[in-house]
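Please look at the sequence and the structure shown here, and keep both in view while you read the report that follows.

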Amino acid sequence: MPKGLVVAAVHSGSIAEEMEIEVGDRVLAVNEEELNDIIDFQFGISEEEFMLLIEKEDGELWELDIEKGPGEFLGLEVETVSAEGLKKCVNNCSFCFVAQMPKGMRPSLYDKDDDYRLSLTQGSFITLSNLSEEDLSRITSLHLTPMYVSVHAWNPAVRTKLMKNPHAGKLPEQFKRFAEAGIAVHTQIVLIPEHNDGDVLKETIERLAELYPSVQSIAVVPVGLTRYREKLTSLRGFSADEARQILDQAEKWQKDFFTQTGRHLVYFSDEFYVLAGREFPESAVYDDFPQLENGVGMARKFITEIEAGWNLLPHEVSKRCVHLITGTAAHDLFEFWNNRLMDRISGLTLTMHVIQNDFFGLSVTAAGLLTARDIARQLGDLQGEEFLIPRTMLKADEDIFLDDMSVEWLEQKVNGKARIVENDGLAFLENVIGYSLEVERFE
């Protein structure tokens, strides 16, 4: 079995580049301690002085003495968390999104990782149901924090039933160990009508809140259901009335938790507010926006950023035609700002395209789950004009959509020029007008 970690990238101007470390090299040890995974690696290189044992691609071994100055980084990235690969999910959740994926997509989309090391290093949500005693002891003794955990239900019997794994019921004792060790935890609850809502949700949120400050945030997101569920448990989404009732209770929890802790602590995804037909809460309700990547507070952050740059927008531009692309969930939000921008800026023509998700099914409304094929089919011929693609639609660090089609492919299909827009309101405004605004970025 191969040992060590393979170098995936070397940053320009870094110590690693200076020491002639190259992509494809294998890091075998730090300070003569063999590397088992990325945790060993990160702990080892955190010192100001250390020795790396590198195996070059031709098998030659290099011993490199490294000295770092204050604030200086080694400057290399590794391919995976361990030579043995990722810890896999051992659950069989009835609501698993991966199980609702059609065949024929890129292989990485079917990976069901559940690795605590990715939780620490990348903020991936894990279930804790595949952790050994050795894993738990390592997390607590090394103080590996923060962790991101999918809870779904505090009640052991309910959680076990939801995840179809007898080990899932151990979560309360695992969380108490984390709290005793001072491990910070960000949590999420995928909410399913008639399964873990109502009294189950109440118990889950209240038990988690009791563990503050170890539990730093609780995100509640509605179950995502695609049209590929023929052989899966029958589930349904929430109605608008149900969403309103949930948000009514949410406001009470937030007020109580803020009084007790100074934080609102529990946050509901933007989808709930869209479904309920309610305005998004003010920024203060999201505290420091701890779960943006989970679709919690993204709309409010986007609005706040637009408002920060609004007065810097021109009142006139040379003739400019831009097409805006989004999913059905953001229809009202983008329609509002589309109209305001057209009213403010003379010479600007904005055309909004709300793309239905034919690929996964119409119940999937988030822009981040749109495919290039659906976009191409519904956009038509743009006659050389620009169109904006939110970064959230693309694979991390690559210009590739979920269906493995590239931005370049989409440009050719629709006869247009794509602008990839980072996930913030100021970037949106700048791509609409075609140049940068001089304004402090939203934090």
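## A covered strand

In this predicted model, strand S8, which takes in residues 185-191, is mostly covered, since seven of its seven residues are buried.

## The neighbours of S8

Strand S7, made of residues 147-150, pairs with S8 in the parallel sense, and four bridges connect the two. Within this pairing, Val149 has Thr187 of S8 as its bridge partner.

Strand S9, which covers residues 215-222, also runs parallel to S8, and seven bridges join these two strands. Here Val190 stands opposite Val221 of S9.

## The whole chain

The protein chain contains 14 helices and 14 strands. Its radius of gyration is 24 Å, close to the 22 Å that the globule rule gives for 443 residues, so the chain is as compact as a globular protein of that length. The C-alpha trace spans about 65 × 55 × 45 Å along its principal axes, and 50% of the 443 residues count as buried. When contacts between residues at least 6 apart in sequence are considered, 67% of them join residues at least 24 apart.

## Surface and charge

The chain exposes about 21500 Å², of which carbon and sulfur atoms supply 47%. There are 42 positive and 76 negative side chains, and the centres of these two sets lie 9 Å apart.

How values were computed. Residues are numbered from 1 along each chain as its sequence is written. This is a predicted model: local features need pLDDT of at least 70, side-chain atom pairs count only at pLDDT 80 or more; totals for chains, interfaces and linings use all residues. Side-chain values use heavy atoms; hydrogens and water are left out. The radius of gyration is taken over C-alpha atoms; the globule rule is 2.2 Å times the number of residues to the power 0.38. Buried means under 20% relative accessible area, exposed over 50%, partly exposed in between (1.4 Å probe, protein chains only). Contact means heavy atoms within 4.5 Å. Accessible areas come from the Shrake-Rupley method with a 1.4 Å probe; for residues, only the protein chains shown count as cover. Lys and Arg count as positive and Asp and Glu as negative; His and the chain ends are not counted. The place of a charge is taken as NZ of Lys, CZ of Arg, CG of Asp or CD of Glu. Two strands pair if DSSP finds at least two bridges between them.
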